Amino acid sequence: MTSSLAARIALVTGASRGIGYATARALARAGAHIVAVARTQGGLEELDDEIRKDGGSATLVPLNVTDSDGIARLGAALHERHGKLDILVGNAGVAGPSSPLGHIELKPWNDVMAVNVTANFQLIRCMEPLLRQSDAGRAVFVTSGAANKASAYVGPYAASKAALEALARAWAQETASTNLRVNLFSPGPVRTKMRAIVFPGEDPATLDTPEQVAEFIVPMCSPDWNETGKLYDYKTRTLMSFRAPA
């Protein structure tokens, strides 16, 4: 285990599987103590076992990110126990319905927004004071190319990721003069359960694994990372700046 993130506290949402699971393990291998948030107790316990095998440590938080009061309580608990937060990885997300917009009921729309947007807004509200207590607070939100492609039949997901990007960019500007750095990470097609549900005919063997992707998220969580308000596109291995449409 390397120690580039030794003594740093890292909160990862959606940590029980997929990219969140792999990122939590990778951050732990780099030395961070993981605060793993997910709905699935079994997945969290499996993560904890793997982190311990790697010589790391974790705090398991079985919590639905749509529980705004629960996120607030988590922030208070982190303040009491650690007095700071060094890393926030906002990874939890849902795909939502694959259907024409006119056929989608209000509840599934609200469900997508609750997880992909509002939960991250609440994380920002509750974790910013802790991240500011760090000498090098780092926040990374997992987005999607759907945010700018706005393809047919994935409207709620595309809209939620576009909103997430705007949220993160605004926060990056608000904190630009502080030690906090806020960025977005777009993984592209990855071998995850959510991807398989949305694209059932796709051969998963043709896709990169969450473990491969996670290795590119870890550097964005390091004190050495100085960029803010940017998007890292994993597919092209490019750090991108946002600009107004031509």
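Author: Eight strands make up an open sheet of mixed pairing, in the order E3-E2-E1-E4-E5-E6-E7-E8. This is a predicted model, where local features need pLDDT of at least 70, side-chain atom pairs count only at pLDDT 80 or more, and totals for chains, interfaces and linings use all residues. Residues are numbered from 1 along each chain as its sequence is written, and side-chain values use heavy atoms, leaving out hydrogens and water.

Reader: Why are E3 and E8 said to stand at the edges?

Author: Strand E3 (57-62) and strand E8 (238-240) each have a single partner strand, so one side of each has no neighbour in the sheet. A strand here is a DSSP run of E with at least two residues, a helix a run of H or I with at least four, both numbered from the N terminus.

Reader: What makes E2 and E3 a pair?

Author: Two strands pair if DSSP finds at least two bridges between them. Strand E2 (residues 33-38) and E3 have six bridges, in the parallel sense, so they pair. In one of these strands, E3, Ala58 is the bridge partner of Ile34.

Reader: Why is Ser186 called buried?

Author: Buried means under 20% relative accessible area, exposed over 50%, and partly exposed in between, with a 1.4 Å probe and protein chains only. Ser186 has 4% relative accessibility, so it counts as buried. Ser186 is in strand E6 (residues 181-186).

Reader: Which residues does Ser186 touch?

Author: Contact means heavy atoms within 4.5 Å. Leaving aside residues up to four places away in sequence, Ser186 touches Thr143, Ser144, Gly145, Leu231, Tyr232, Asp233, Tyr234 and Lys235.
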